[in-house]
Each structure stands twice: as C-alpha cells, then as structure tokens.
Amino acid sequence: MTAGRGRPIVFDETLQAEFLRLVADGVHVGEAAAKVGVGRKTPSQLAARDRRFAAALTDAKVVGRAARFSPERLKHGAPATYNNHNCRCPRCRTAATRARSNAPDRKHADILELPDTQQATGETEFLRAG
Ligand SMILES: [Zn+2]
C-alpha cells in the first residue's frame with residue numbers, strides 16, 4: 001500500500017477488474033485509476049510485477065483506444081473532431097467553419113462560408129474580402 005498517502009486502498013481483483021473495464025471502455029489510464037480510487041501509478045506498478053495484469057492492461061488499452069476513436073464515440077460538433085479526427089459530418093463541419101470564421105485573421109477569408117443567417121450584402125462583402 002502507499003504509505004503516507006492517507007488512503008489505504010487495496011488495488012484488489014475487484015478494483016483491477018473495474019479499472020480494466022474503464023480502460024477498455026476508452027477512459028485514460030490515469031483517469032481510470034482515479035475513478036477506482038487508486039494512485040495513477042498504481043496500475044503500472046502492479047503491471048511491472050504481475051505479468052497477467054500487464055497483459056490484461058495492454059489488451060484493455062488497445063480496446064480502449066479503438067473505442068475512443070470510433071466514429072460513434074467522437075465528440076461531434078467540435079472543431080477538434082473535424083481537425084484531429086477528420087470527421088466531415090455536418091455538425092463537425094459547421095463547428096469547424098464557425099471556429100475558422102471567428103479567428104480574427106480569418107474573418108474575411110471565410111466570409112462566404114458563413115451560415116445563411118449572416119446575410120451577405122452583395123459586392124460590399126467582396127470588396128472587404130479583397
Ligand atoms: Zn462529426
């Protein structure tokens with residue numbers, strides 16, 4: 001146990017199973033450790049001396065990574081999803097367009113991509129864009 005940490009929680013098989021389930025579900029290792037109440041280094045320390053747990057953790061990470069990046073799990077409607085995960089769904093495209101339009105240096109460059117609610121006023125906009 002971690003002496004001096006004030007919280008003598010045993011990373012027993014029940015917590016290990018819960019931890020591995022979280023990781024396999026796409027939760028980051030440190031966050032999963034926090035959720036089951038152990039230190040963020042505890043799982044890797046156990047993995048270093050327990051080959052079975054190490055193998056299970058490796059598997060869980062692979063499954064978890066796939067879960068995190070599956071199209072269903074991406075946070076749609078966020079510019080980062082458009083930029084980092086190349087999602088081109090309508091919500092991500094709108095979010096990315098809006099983010100670019102709001103960037104000060106791109107305001108005029110993207111003026112033709114603004115939603116319909118932003119009424120373009122004919123040649124005035126083209127003059128400003130140029
Ligand atoms: Zn999307």
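Predicted model: local features only at pLDDT ≥ 70, side-chain atom pairs only at ≥ 80, totals over all residues.
Reader: Where does F53 lie, and which residues is it in contact with, leaving aside neighbours within four places in sequence?

Author: F53 lies in helix α4, helices being DSSP runs of H or I with at least four residues, and strands runs of E with at least two, numbered from the N terminus. Leaving aside neighbours within four places in sequence, F53 is in contact with F11, Q16, F19, L20, P43, L46 and A47, contact meaning heavy atoms within 4.5 Å. The C-alpha atoms of F53 and Q16 are separated by 8.3 Å, although these residues are 37 residues apart along the chain.

Reader: Which residues have the most contacts inside the largest nonpolar core?

Author: They are F11, F19, V36, F53 and L57, in a core of 16 residues; a nonpolar core is a set of buried Ala, Val, Leu, Ile, Met, Phe, Trp, Tyr and Cys residues joined through side-chain atoms within 4.5 Å. The elements that give two or more residues to this core are α1, α2, α3 and α4, and α1 gives the most, with five residues. In soluble globular proteins, nonpolar side chains tend to be buried together.

Reader: Then tell me about α1: which of its residues are buried, and which exposed ones are on the face turned away?

Author: In α1, the buried residues are L15, Q16, F19, L20, L22 and V23. They cover an arc of only 160° around the axis, which puts them on the same side of α1, the arc being that of the directions from the helix axis to the C-beta atoms. The face turned away from that buried side carries the exposed residues E13 and T14. Among what covers the buried residues of α1 are α2 (29–36), α3 (42–49) and α4 (51–68).

Reader: Changing topic, which protein donors does the zinc ion have?

Author: The donors are H76 (ND1), C87 (SG), C89 (SG) and C92 (SG), lying 2.0 to 2.3 Å from the zinc ion. Donors are N, O and S atoms within 2.8 Å of the metal (3.2 Å for Na, K and Ca), and because water is not among the atoms, sites may look incomplete. H76 sits in the loop between α4 and α5 (79–85), whereas C87 sits in the loop between α5 and α6 (90–102), eleven residues apart.

Reader: And H76 and C87, how accessible are they?

Author: H76 is partly exposed, with a relative accessible area of 22%, whereas C87 is buried, with a relative accessible area of 12%.

Reader: Last one: how many helices and strands are in the chain, and what share of its residues counts as buried?

Author: There are seven helices and zero strands in the chain, and 29% of its 130 residues count as buried.

Technical notes:
Residues numbered from 1 in each chain as written. Heavy atoms only, no water. Buried < 20%, exposed > 50% of the residue type's maximum accessible area, 1.4 Å probe, protein only.
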